[in-house]
Amino acid sequence: MTAIDLRSDTVTKPSSGMRRAMAEADVGDDVLDGDPTTRRLEARVAELLGMEDALFFPSGTQANQTGVALLTRPGTELLVEADAHLVHYELAGVAANWGVQIRPIATTGGLLTAALVGAALRPTSPHVPRASAVAAENTHNAAGGRVMGVDVMAGIVVAAGAAGLPLHLDGARLWNAAAALAVPISRLAAGAATVMVSFSKGLGCPVGSCLGLRAAERPRAWEIRKRLGGGMRQSGILAAAALWALDHNITRLGEDHDNARRLADLLSDCPAVRASVPETNIVMVDLLQERDTAGAVVPKLAAAGLLMVPFGPRRLRAVTHLDVTRSDVERAAQIVARALA
């Protein structure tokens, strides 16, 4: 029987329809004179985000790093939630690439707020670094896919603006946040100077992200992307997958959220674990038995046909996606219960 893969929503395989769209894409050399399908995707994403322009990237990390580069200056601080992707999962790129120091903001459950941003601002002094930008994340990966609501985001925009700081939004799973809140994605991007959205998380694409930005910033963003090795040739093959996903896969994200809730509900009957209450498609699973560690349990589950990832010494992460069915999550819960009995 095929293993159930809950390691991430990036493990999905392109559907036949997506592959057909990729094969038939109208393409050109995007570095030399532009790729027509990529231009269509960028225009579509800019419209969805309510922003002036968007630029296509091969990865979310590269798009995030470009957003930070646009908004910061060397020798300054980037204010960001302490467990954000930018802090833990981009190999210190903020410091290594741009000479910017991260100022981590401790939160409760990963939820950054206007008050916390305000409290993190240092008084003006010749002895301490100045802040140059704020970054937020929605949904928050390390917090189990937690959603930042419209009002919370608006408050952060106001707090950052009052301090004269632009805001970058890491919205790798912003599609999930919009689906969970049943609001247009533009409402969750409002006020941000740069917004990254990913197509390979949740939407089933093999590659790709976009950075929403001001039109005037596009030439500089293009140069930064080029410097990072992100200039692509016939990128329309990848952009076509994203366009297909925007037409077909956004509307089904609620199914992933339902399956995550079903998994958490079923795991609540297992005394060996405690599952988080998911807001979107991520379930954090804490191991309660003294003998169980993530390092020991992950291979045991894999041998039984369930793939999950460790997210701490005694925590696992499960992510539902379009290649996971309701019966899959029910079988996954059974595997956990048997393996940890």
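Two strands are taken to pair if DSSP finds at least two bridges between them, strands (E, at least two residues) and helices (H or I, at least four) being DSSP runs numbered from the N terminus. The structure is a predicted model, in which local features need pLDDT of at least 70 and side-chain atom pairs count only at pLDDT 80 or more, whereas totals for chains, interfaces and linings use all residues. Residues are numbered from 1 along each chain as its sequence is written, and side-chain values use heavy atoms, with hydrogens and water left out.

By the pairing criterion, four strands form an open antiparallel sheet in the order 9-10-13-12. Its edges are strand 9 (273-275) and strand 12, each of which has a single partner strand, so one side of each is left without a neighbour in the sheet. Strand 9 and strand 10 (residues 282-287) run antiparallel and are joined by three bridges, with Val273 opposite Leu287 of strand 10. Helix 13 (residues 294-303) packs on this sheet and touches strand 10, strand 12 and strand 13, where contact means heavy atoms within 4.5 Å. The direction of helix 13 makes about 40 degrees with that of strand 13; axes are lines fitted to C-alpha atoms, for helices over the stretch in contact, and angles run from 0 to 180 degrees between N-to-C directions.

A further open sheet consists of seven strands in the order 2-8-7-6-5-3-4, with mixed pairing. The twist from one strand to the next averages 20 degrees. Strand 2 runs antiparallel to strand 8 (residues 209-213), to which five bridges join it, and Phe56 stands opposite Cys210 in strand 8. Strand 5 and strand 6, by contrast, pair in the parallel sense over four bridges, and Asp170 in strand 6 is the bridge partner of Glu137.

Strand 6 is mostly covered, five of its five residues being buried, that is, under 20% relative accessible area, with exposed meaning over 50% and partly exposed in between (1.4 Å probe, protein chains only). In a regular strand the side chains alternate between the two faces of the sheet. In strand 6, Leu167, Leu169 and Gly171 are buried on one side and His168 and Asp170 on the other, leaving both faces covered. Helix 7 (residues 150-162) lies across strand 5 (131-137) and strand 6 (167-171), at about 150 degrees to strand 6.

Helix 10 (residues 218-227) lies across strand 2 and strand 8, at about 10 degrees to strand 2. Ala221 is placed in helix 10 and is buried, with a relative accessible area of 0%. Beyond its neighbours within four places in sequence, Ala221 is in contact with Leu55, Thr66, Leu70 and Leu213. Ala221 and Ala63 are 158 residues apart in sequence, with a C-alpha to C-alpha separation of 9.1 Å.

Nonpolar cores were defined as sets of buried Ala, Val, Leu, Ile, Met, Phe, Trp, Tyr and Cys residues joined through side-chain atoms within 4.5 Å. The largest such core holds 50 residues, of which Leu41, Val45, Leu49, Leu174, Val195, Val197 and Phe199 touch the most other members. Helix 11 (residues 236-248) gives the most to this core, with seven residues. Apart from this core lies another, of 28 residues, among them Ala272, Val298, Met308 and Leu316. Not counting residues up to four places away in sequence, Val197 touches Val45, Leu49, Gly171, Leu174, Trp175, Ile185, Ser209 and Cys210.

A search of the whole structure finds three aromatic pairs. Rings of Phe, Tyr and Trp (its six-membered ring) pair if their centres lie within 6.5 Å; planes under 30 degrees apart count as stacked, over 60 as edge-to-face and the rest as tilted. Tyr89 and Phe311 form a tilted pair, 6.4 Å centre to centre with 50 degrees between the planes. Tyr89 lies in the loop between helix 4 (85-88) and helix 5 (93-98) and Phe311 in the loop between strand 12 (309-310) and strand 13 (315-319), so the pair ties together parts that are 222 residues apart in sequence. Tyr89 counts as partly exposed, at 38% relative accessibility. Phe56, Trp175 and Phe199 form one aromatic cluster.
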